[in-house]
Amino acid sequence: MVVAQDGTGDFTTIQDAIYAAKSFPYERVVINVKNGVYNEKVHVYSWNTNVSLIGESKEGTIITFDDYFKKIGLGRNSTFHTSTLLVEGDDFIAKNITVKNMAGPVGQAIALSVNANRCYFENCAFIGNQDTVYTAGEGFKQYFKNCYIEGTTDFIFGEATILFEGCEIYNKSNSYITAASTPKSQAYGYVFKNCNLTADSNVTEVYLGRPWRFYAKTVFINCKMGKHIKPEGWHNWKKPEAETLSFYAEYNCSGEGYQPERRVSWSHQLKKSQAKKYTKENILKSTTTWYRNL
């Protein structure tokens, strides 16, 4: 299917294309999206499995909306209703698309929410402020490759196991990059490999992460860290128990922000033998080898 705002495709909105997609298809459903700014909330439902959303270009194919916590007004869990793009269908793929939450610095406002297993994002941009990308699902595996993620506070958060590879992680304010809530049973939480941590010129005090839940796991391997990363690196979110229950680690990183000798004592610097375990196969393995050709 083709989505084009000028009427030259099958649909003029992305959501209409998803409505037309076959439920639980035997073959992959490919939705090609032409350049344009699509001002809509997009929901890929749990029955919309095996959907590919392929933009014409990352710079020109933009999905945007402006929901935020207070605007939604549904009580303490309003954050989870704010997503511009909500993915609940397993085996989802997105390429060459920008997803924005344009609410501004008004609190929690999600651009991308993924509550599905075996999802893959390549050459995409996710732009927001607080809580830009929510990665949900106990035991779920997701893979972000060569993506750009921008935000302010806890702008990558959730319980799924994620591999971020070759991504740029951009801070717009002094705050925290990640807020993992990794379940105790999961061997891996967030793994950043060969990523570049950048920031606005006025940003000088950023933590790599803090634990949304006690057993948070976040690891940076072969990443370049700008000088905005605080020497101590990690924060316990005023949860002393998290210092022994969480797992925060780094290996072979570089840049002014990589100061292993000044990190908090309860974080880890991996040995080479430990770092070798953080392969794509080990992190993303599932009941299928879905990640093999990605």
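**Ser254.** Leaving out residues up to four places away in sequence, Ser254 touches Cys223, Lys224 and Met225; contact means heavy atoms within 4.5 Å. I then looked up the distance to Cys223. Ser254 sits in the loop between strand S25 (247–251) and strand S26 (268–269). Helices (H or I, at least four residues) and strands (E, at least two) are DSSP runs, numbered from the N terminus. Is Ser254 buried, partly exposed or exposed? Its relative accessible area is 36%, so I noted Ser254 as partly exposed. The cut-offs are under 20% for buried, over 50% for exposed, and in between for partly exposed, with a 1.4 Å probe and protein chains only.

**Ground rules.** I number residues from 1 along each chain as its sequence is written, and side-chain values use heavy atoms, with hydrogens and water left out. Because the model is predicted, local features need pLDDT of at least 70 and side-chain atom pairs count only at pLDDT 80 or more, while totals for chains, interfaces and linings use all residues.

**Arg28.** Next I went to the loop between H1 and S2, where Arg28 is found. Arg28 is partly exposed, at 34% relative accessible area. Not counting residues up to four places away in sequence, Arg28 touches Asn50, Val51, Ser52, Asp91 and Ile93. I also checked Asp16. Arg28 and Asp16 are 12 residues apart in sequence, and their C-alpha atoms are 17 Å apart.

**Positive phi.** Phe24 lies in the loop between helix H1 (14–20) and strand S2 (29–33). Phi of Phe24 is near 40°, a positive value in a residue other than glycine. Phe24 counts as exposed, at 54% relative accessibility. I found Asn194 in the loop between strand S20 (190–193) and strand S21 (196–199). Asn194 is not a glycine, yet its phi is positive, about 55°. At 43% relative accessibility, Asn194 is partly exposed.

**Cores.** Which residues touch the most other members of the largest nonpolar core? I listed Phe121, Phe126, Phe144 and Phe164, out of 59 residues in that core. A nonpolar core is a set of buried Ala, Val, Leu, Ile, Met, Phe, Trp, Tyr and Cys residues joined through side-chain atoms within 4.5 Å. Another core of 17 residues lies apart from it; among them are Ile93, Tyr143, Leu163 and Val219. I then looked at Phe126. Beyond residues up to four places away in sequence, its contacts include Val99, Leu112, Phe121, Val133, Phe144 and Tyr148.

**Whole chain.** I counted 5 helices and 26 strands in the protein. The radius of gyration is 19 Å, close to the 19 Å that the globule rule gives for 294 residues, so the protein is as compact as a globular protein of that length. That radius is taken over C-alpha atoms, and the rule is 2.2 Å times the number of residues to the power 0.38. Along the principal axes, the C-alpha atoms fill a box of roughly 60 × 40 × 35 Å. Of the 294 residues, 57% count as buried. Among contacts with a separation of 6 or more, 65% join residues 24 or more positions apart.
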